[in-house]
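Biologist: I am new to this one. Please show me the structure, and then I will ask my questions.

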Amino acid sequence: MSLLSVRDLTVSFPTSDGVVRAVRGLSFDVEAGQTLGIVGETGSGKSVSALSLLGLNPGADVSGSALFEGKELLALGPEQLRAVRGAEIAMIFQDPLSSLHPYYRVGWQICEAIRTHRRTSRAEAMRQAVELLRLVSIPQPERRVQSFPHELSGGMRQRAMIAMALALRPKLLIADEPTTALDATVQAQLMELLGGMQRELGMAMIVITHDLGLVATVADSVLVMYAGRGAERADYRTIFHSPHHPYTRGLLASIPGAAGSGGRLVPIVGQPPSLIRIPSGCAFHPRCPFAMDVCVRDQPPFVPVSGGEGHLSACWLPPDVVGVDAAADAARQRFVEGRRGPAIARLRAAISGARARGGVAHV
Amino acid sequence: MSEAATPVNPASNEPTLAAAPAGDRPLLQLENVVKHFPIRRGIFFKRQIGRVQAVEGVSLEVRRGETLGLVGETGCGKSTLARCITRLHPLTSGRVIFDGVDITRLSAGQLRPYRRRMQMIFQDPFGSLNPRRRVGSIIGDPLAIHGIADGGERKRQVQELMEVVGLNPEHYNRFPSEFSGGQRQRIGVARALALRPSLIVCDEPVSALDVSVQAQIINLLEDLQGEFGLTYVFIAHDLAVVEHVSDRVAVMYLGKIVEMADTAELFGSPRHPYTAALLSASMVADPEKARSSHRVVLYGDVPSPINPPSGCRFHTRCPKAQPLCSVEEPPLRVQAGDPGGHLTACHFPVAPGEQLVGAEPAISAAVTEFVATSPGAGEEETV
């Protein structure tokens, strides 16, 4: 059984502009000791889905199921959730400055996390806090427990966050853009630290990021999200070498240095959609070079395709067309021809209209 | 501020745009550029109690039509250097020579013709556009300020620019908030292009953008370079982006250039230990490369530029540091066996194929110790 098993998670926020459908039926599993990378652009719902698991989205309508060691997280009351949060599932956030309290000393904040969940004396908790800071390679931890967050550098703050998250040895660590705000060398330090902790503690991780480089480095399996849904899921090799979904394919072609990219970058046209007005059918169809009529009409199911074991993709292209090379693209193109009718013609007309007005000349 | 007097360049008295054919001459030369920011304390008599040595003696050349990448971590002075190039900051000392003319000490009025020829694109497409002004007037500003076009002609030129960068010219009257991040960055590009500059300094132009949109802007900048013969100084912390766009790359650490070479040369055989560590730390989106590569983990943070280390500024974190490194500062020079354009400031450069070893005990040892010693492994009580 998986450590965490999420099924058909749906999260929406009622706003004055309309309902923001941030997550629309997302399913994934996290195995004990493994790392799942969740990749997506701004607004793809990757952070919202993680926050919802821990009841951290007040005001959101959440439905679906999330079984953590057999416990239904979405059915827990606030008290029960509090017992899970921090102790069993910990989270670290992108911006350590806004996730540490500016008014309290770092050591105090770590002690609080420990003493909330474990019956520990103040002195013992402080001793553990010092040990934790030492563990995450903060120099002079005895002094640093007395520091306020603003007295630490960005990398140190993120380490303090990690120390706090690991204080209770959680079974699952959710890292939301853990290194985005940090420099490359600091990023490497932190990922080595997290990797080491994971191996020793047998902890599972969900790494949420837009950085495909980070995913390529740390993830065992990868979930690519687009407009609140899973677009593709597979082990890391398959995602980078034999992707099925045109969105994954497009991401890889638009990143310098990615596997299978070379020479000029091929950007994905247009912008990610608004989550209030999500395109019909497959939400990616207005940006997809292989869009067919069916894509405009019907939402594709998230089904097995042939890249490898456990490879799932939500796309109407045939399941055996995977890969990043020219042959795979040609196969995609062949399949698409003849399946483009009036719906695509209308879409094309709208785009070329915009282009004639100078709208997207360079995309 | 201690502004050392330098001899006035005769050409700077009467700067003209036409006085510069000389095809071989580099478009931009920096000579020993130094920029310090004073730290003052006190209310009435502000005493200077220290200085941030943001840029410390940078010399480089940018050739016509090339893209020079500038990489380094937060606080290495790359953005300050960019602002020194465009003279948004006055220099503490050193010279900026643009197209053969020393522009270091020119007055605002004298500088104006040169300002036309060098423009900047900023990182934050939200912070660099005035939210209360319409796009048309934002892009048209340079044309107005330099008295190039008025009224209908200005509008025509602005709409042409919008079309060039892939914006809909009908959106002339919209506000920045009505555009997405990528489109705003296009507005910034259009504004920079308005005066047909020769040099554009791009300070992290794609860092704030989504991955799929990043490529659109990179391609746009490449197209414009071909179309208008632009020269770029391209600052970014994403090494893959820099490798993709640059002809040559300079690596900065604590206000100094530590290594400079052609892109393929620098990425292929870095000689400075910092460059090697930086390259190995960057996470490429290719799982085989990302996982097989030997990662050199640097410990600690970048030291403060207020009180930089003696000798080689990198010696406190360098896996190859020797006693000499803390005493004597290595000059930026061609190392034995390197091609002429490859400069490295290091006493003990990395040999080709050499593997650097981290200087501090491995983290896994610390983790093992933590697991063994920390109490409450089994007897924890949930309150």
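Biologist: Which residues have the most contacts inside the largest nonpolar core?

Modeller: A nonpolar core is a set of buried Ala, Val, Leu, Ile, Met, Phe, Trp, Tyr and Cys residues joined through C-beta atoms within 7 Å. A residue is buried if 20 or more other C-beta atoms lie within 10 Å of its own, exposed if 12 or fewer, and partly exposed in between; C-beta atoms are placed from the backbone. The largest core has 215 residues, and those with the most contacts inside it are Ala163(A) and Val233(B).

Biologist: Is this model predicted or experimental, and how are residues numbered?

Modeller: The model is predicted: local features need pLDDT of at least 70, side-chain atom pairs count only at pLDDT 80 or more, and totals for chains, interfaces and linings use all residues. Chains are lettered from A and ligands numbered from 1 in the order in which they are written, and residues are numbered from 1 along each chain as its sequence is written.

Biologist: What pLDDT does chain A average?

Modeller: pLDDT is the predictor's confidence in each residue, from 0 to 100. It stays under 50 over residues 357-363 of chain A. In chain A, 95% of the residues score at least 70. The chain A average is 88.

Biologist: Which residues does Ala163(A) contact, leaving aside neighbours within four places in sequence?

Modeller: Two residues are in contact if their C-beta atoms, placed from the backbone, lie within 7 Å. By that test, the partners of Ala163(A) are Ile110(A), Leu132(A), Leu133(A), Leu135(A) and Val136(A).

Biologist: What is the radius of gyration of chain A?

Modeller: Chain A has 14 helices and 12 strands. Helices (H or I, at least four residues) and strands (E, at least two) are DSSP runs, numbered from the N terminus. The radius is taken over C-alpha atoms, and the globule rule is 2.2 Å times the number of residues to the power 0.38. That rule gives 21 Å for 363 residues, so chain A is as compact as a globular protein of that length, with a radius of gyration of 22 Å.

Biologist: How far apart are the C-alpha centres of domain 1 and domain 3 of chain A?

Modeller: Domain bounds come from an automatic or database domain assignment. Domain 1 is 1-88 + 170-219, and domain 3 is 262-356. In contact are 11 residues of domain 1 and 5 residues of domain 3. The centres lie apart by 27 Å.

Biologist: Which residues stand opposite Ile235(B) in strand 8 of chain B?

Modeller: Strand 8 is parallel to strand 3, with 4 bridges, and to strand 7, with 5 bridges. 5 of the 5 residues of strand 8 are buried, so it is largely enclosed by the rest of the structure. Opposite Ile235(B) stand Leu70(B) and Asp203(B).

Key:
Pairing = 2+ DSSP bridges.
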